[in-house]
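This report describes a ligand site and the aromatic pairs of one protein model. The sequence and structure are shown below.

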Amino acid sequence: MNRFFDQFPAFYASPVSAHPNRLHQRYRAIIEPNRAALAGAKVLDIGAHDGRWSFAALHAGAEHVTMIEPRPSAMTMARTRFAEYSVPCNRFTIIQEDVSHLAGWIAGQRFDVVLLLGFLYHTGDHLRLMEAINASDPSIVVIDSEIVDDAEAVIRYRVEQDQDERCAFACGQSVITGTPSAGMIDMMLTHCGFRVFRFNWSRRCDDWQAVGDYQQHLRMTVTGRRERHQLAQTCNGGRQA
Ligand SMILES: C[S@@+](CC[C@H](N)C(=O)[O-])C[C@H]1O[C@@H](n2cnc3c(N)ncnc32)[C@H](O)[C@@H]1O
C-alpha cells in the first residue's frame, strides 16, 4: 500500500490523531481531490498543529504555506519536522497566534487554498472566520470537521476546556466553541459563493481503522470551490448584452 506519510513517519509521533491509517484516509479525502488547486498555490492552514497538512500540501505542489497555530509545542513539532524533511525556509511561514486575533489580517491577505482541518469545532466565531477567509479570495476552502447530527443548519455551542493539544486554545482557561451541522457548513460555504463537494467517506474509505467517527457520520470532509468560471461567464454575458 502506498501511504504518503509512510515516507515521513515522524508525523506519526504527534499526540493528536496521528494513527497511520487515519492520516492515510484523511490524506485521500483532503489532498487527493484537490491536487489541481494545490499546484502552485499559496496556502493558509488554520490550526496547523505539527504542520502535517501544510507539509502534504507542499508535496502536492503548493508554492507556499502559512501555518497558524498558537501552541508552542505544536509549532516546535512543525519546525522540527520541516527541518528534518528539508523543507526550504522560503516555502513556509509559521504564525504562532490564536486565529481569533487574526481575522483582520487574514481578510487583508490573498490565499489560493485555505485548510480548515480539525478546527471548525474549536471556535465560537465561525461566521467572522468564514468572512475573513472569503475576503482573502481563495479558489478552494477544505473543511474537515466534527459535525452535530441535525438536519438543520445549526451550531451547537459548549464550554470547552483548554486541557491539551487536541482542545481549543484558551491560555489554559475555557472558551465557548461550537460544532456545526453539515448543513451549517454547506450554508457558510454557499453563502460565500463556493460550490460544495462532500467527500464520500462511505464509498471511498477502504479501511475504517481509526476513522470510525467518519463512518458514523460524526465527522465530514468538504471542499468548497469558488465558481469563478460561472461568474466570468455572467460578467462577459453582461458586457455583450
Ligand atoms: C484537532 S487539531 C487538528 C490538527 C490538524 N489541523 C489536523 O486536522 O490534523 C486542532 C488544532 O487547532 C489548534 N487550535 C486550537 N485553538 C486554536 C485557535 N484559537 N487558533 C488557532 N489554532 C487553534 C490546536 O492547537 C490544534 O493543533
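Arg71 places a polar side-chain atom 2.7 Å from a ligand oxygen atom, and for Arg26 the corresponding distance is 2.8 Å. A polar contact here is a pair of N or O atoms within 3.5 Å. The protein covers 96% of the 600 Å² of accessible area that the ligand has on its own (Shrake-Rupley method, 1.4 Å probe).

## Ligand shell

The ligand is surrounded by 20 residues, the closest being Arg26, Arg52, Glu69, Arg71 and Leu117; a residue counts as near if one of its heavy atoms lies within 4 Å. The shell divides into ten nonpolar, four polar and six charged residues. In this division, Asp, Glu, Lys and Arg count as charged, and Gly is among the polar residues.

## Aromatic pairs

The structure holds 18 aromatic pairs, defined by ring centres within 6.5 Å, with planes under 30 degrees apart counted as stacked, over 60 as edge-to-face and the rest as tilted. The rings of Phe4 and Phe8 have centres 5.1 Å apart and planes at 45°, so this pair is tilted. Both Phe4 and Phe8 are buried (under 20% relative accessible area, 1.4 Å probe, protein chains only). Phe82 and Phe92 form an edge-to-face pair, at 4.8 Å centre to centre and 70° between the planes.

## Basis of the values

Residues are numbered from 1 along each chain as its sequence is written, and side-chain values use heavy atoms, without hydrogens or water. As the model is predicted, local features need pLDDT of at least 70 and side-chain atom pairs count only at pLDDT 80 or more, while totals for chains, interfaces and linings use all residues.

Technical notes: Polar contact = N/O pair within 3.5 Å; in protein donor to acceptor, adjacent residues only side chain to side chain. Phe/Tyr/Trp six-rings, centres within 6.5 Å; stacked < 30°, edge-to-face > 60°. Buried < 20%, exposed > 50% of the residue type's maximum accessible area, 1.4 Å probe, protein only.
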